[in-house]
Amino acid sequence: MIAVEQLAKRFGGVEAVRGLSFECPDGQITGLLGPNGAGKSTTLRMLYGVLSPDSGRALIDGIDVAQDPLVARRSLGVLPHGAGIYPQLTARENVRYFGELHGMRGAALEARVQVLVEQLGMTEFADRRATGFSQGQRTKVALARALVHSPRHVLLDEPTNGLDVMATRALRELIRSLRAAGHCVLFSSHVMQEVAALCDRIVIIDHGVVAAEGSAAELQERFGGATLEESFVRVLGEREGLA
Amino acid sequence: MITTLLTVLRKELRETFRDRRTLVSSLLMGPLLAPLLLVGSMQLALERSLDSADETVPLTVAGAERAPALLGFLRERGISITPREGTPEDIAQWVAKDKELVVLEVREGFGAALLAGEPARLALHADGSGSTANRHADRVRKNLQIWASHIASARLQLRGVSSSLMQPVLIDDVDLSTPSSRATLILGVLSYMVLLVMLSGGLYLAIDATAGERERGSLEPLLSLPVPREHLIWGKVLATVLMMALALALMLAVLAASLRRLPLEEIGMSVDFGPGMALAVFGAMVPFTLVGAALLTVVASFTRSYKEAQTWLGMVLLVPTLPIAVAGVMEVSPSPALMAVPSLSQHLLMQGLLRGEPLPADYVAISVCSTLALGLLLTWTAGRLYRRERILG
């Protein structure tokens, strides 16, 4: 399970995250929804430990990421926002490199890489150098790289950026299969349909705090929008009115 | 830790060796072209100085019949004489037409004045702005003076005066430089060049592995792995070290092969730059790769983009060469304190080797230890710097 408790982070004078708390149960897909600059990436970065919180805790299976980052990260698969890959390596070598850094070796590693290549539809370009890959191809490689060690928890920061319809559908399938296998998936997006189609739970954040949370249906009921998008706009509008 | 280090090392090297442009600038431009350029220009300089020592100097003489004995003397001293008649005005025209022409004009009454023991007049015409004409005129002038002093001492002897009276002081030039140390003068620039080429061998890998990785967005996923960041950075430093060592080895091999073809012995120099020497120089220089690699990595951690890193690291590359430049101007000689200065100590070790006077073992030990100590300190610093949050940009 992933949990954040009263998480806060400021950059200079800007409070990016202010006392954020939510939970992502295992076997569910949690969507982090929010406008640009709401603090989605900052929250995820604190969860995978490249930023340390000013206060509060980010917990992976009860392990505080700031206290014990290496142990916490071991069960995490991470796709950061705008993740790049190594252009001089083939797709397969890119994935293999991360597998090796996770301590995987030999036949077990090769087999796992092959599974991901097939699962993500990378067969065509698996052994080509990554120079000149399309954004979609690069995202697939980055995703395979994040999943190579079969992590229990998966953090995806805007994973569908630049993916075409087919690739997006494939990614959805993959995320659902992760859920079916009991993984905990947390992903951020500002694409409404994406979140509505996929998420069991939605956490809407705005200006660094949780504005609303619940399932898509619950949110629609509470805020009375015909679609999730409408509800989302109402949530934000209500907050504007409050502020 | 070792497995992480090796995994990173292998990946960085694989990437570098697949990037043809990087490879060309790291291992081809520096290690191959620099020594060839050096050796080429040395060869040219040597050939010219060898030529000028025994070249025959052409001299046109007007009024040649007035000074047969003098001309005979000049001929013996390697000056080839062409008699040609003309007035002083004609001579001025000849020189104006042919800038390289040197003309000796034997004035009327030369023989008579000589017999009478009065100053006999000669005129040497040459265009002083041309380097060849100047050199030739100098040779002629020098030989004329030698002839004049012969005549002078003969005259004194005829009058019963010892010619040594005319030499109140006799200066003996005692040249203490050995052939090898003279060669060092020419090869002095070598350690500077070796250091620079060695460091630039790792330049592109250092940039790519740090600023490049950040710019491509592959640094963040890398740093979110369950691996201590220090180990990743040390792996990158190690890869840079290997590239630098490779550039060094390649360059020394090229030097060993090309310096042998130089006619250094003909001007009394005997630097034997064979495989043994190349190996010794490699041993002297290679500890510095750690300082260089770590220094580049540290500086690269402050840059925001590949371009910025390129600019900064290009300048930083020159920092280790500064002590050498200062030492060259001040003509320092090795001491234990100086051997503790990395890059300067490598320079001194290499100069010792080239001079054929290797430095004592404790000096070598000081050099190796101080250099490795600084290298490890910088490597540790690089690791610390990559723990900062700001490293993600």
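Which are the buried residues of α1(A)? Let me start there. One caution before the answer: this is a predicted model.

The buried residues of α1(A) are A:Lys40, A:Thr42, A:Thr43, A:Leu44, A:Met46 and A:Leu47. The helix spans residues 40-47 of chain A, and 6 of its 8 residues are buried. That makes α1(A) mostly covered. Just after α1(A) comes A:Gly49, with a positive phi of about 80°.

Next, the aromatics. Over all chains, the structure holds 3 aromatic pairs. Take A:Tyr86 and A:Tyr97. Their ring centres are 5.6 Å apart and their planes are at 70°, so this pair is edge-to-face. The cut-off for edge-to-face is over 60 degrees. Where do the two residues sit? A:Tyr86 is in the loop between β6 (76-79) and α3 (91-101) of chain A, and A:Tyr97 is in helix α3 of chain A. So the pair ties together parts that are 11 residues apart in sequence. Both A:Tyr86 and A:Tyr97 are buried.

Now move on to A:Phe98. The rings of A:Tyr97 and A:Phe98 have their centres 5.9 Å apart, with planes at 70°, so this pair is edge-to-face too. How buried are these two? A:Tyr97 has 3% relative accessibility, so it counts as buried. A:Phe98 is buried, with a relative accessible area of 3%. Buried here means under 20%.

A:Arg145 lies over the face of A:Phe98, at 4.5 Å from the ring centre. So far we have A:Phe98 paired with A:Tyr97, and A:Arg145 over its face.

Staying with chain B, what about domains? The assignment gives domain 1 as 2-48 + 179-392, and domain 2 as 55-166. How many Å separate the centres of domain 1 and domain 2 of chain B? Taken over C-alpha atoms, 57 Å.

Last stop, the surface of chain B. B:Val24, B:Leu28, B:Met29, B:Leu33 and B:Leu36 make a nonpolar surface patch of about 420 Å². One of them, B:Val24, is found in helix α2 of chain B, residues 20-54. B:Val24 is partly exposed, with a relative accessible area of 33%.

That is the tour. Questions, please.

Notes
Residues are numbered from 1 along each chain as its sequence is written. Chains are lettered from A and ligands numbered from 1 in the order in which they are written. This is a predicted model: local features need pLDDT of at least 70, side-chain atom pairs count only at pLDDT 80 or more; totals for chains, interfaces and linings use all residues. Side-chain values use heavy atoms; hydrogens and water are left out. Rings of Phe, Tyr and Trp (its six-membered ring) pair if their centres lie within 6.5 Å; planes under 30 degrees apart count as stacked, over 60 as edge-to-face and the rest as tilted. Helices (H or I, at least four residues) and strands (E, at least two) are DSSP runs, numbered from the N terminus. Buried means under 20% relative accessible area, exposed over 50%, partly exposed in between (1.4 Å probe, protein chains only). A charge sits over a ring if NZ of Lys or CZ of Arg is within 6 Å of the ring centre and within 35 degrees of the ring normal. Domain bounds come from an automatic or database domain assignment. Patches are made of residues with over 30% relative accessible area and no salt bridge: like charges are joined within 9 Å, nonpolar side chains (Val, Leu, Ile, Met, Phe, Trp, Tyr) within 5 Å. Accessible areas come from the Shrake-Rupley method with a 1.4 Å probe; for residues, only the protein chains shown count as cover. A salt bridge is a side-chain nitrogen of Lys or Arg within 4 Å of a carboxyl oxygen of Asp or Glu.
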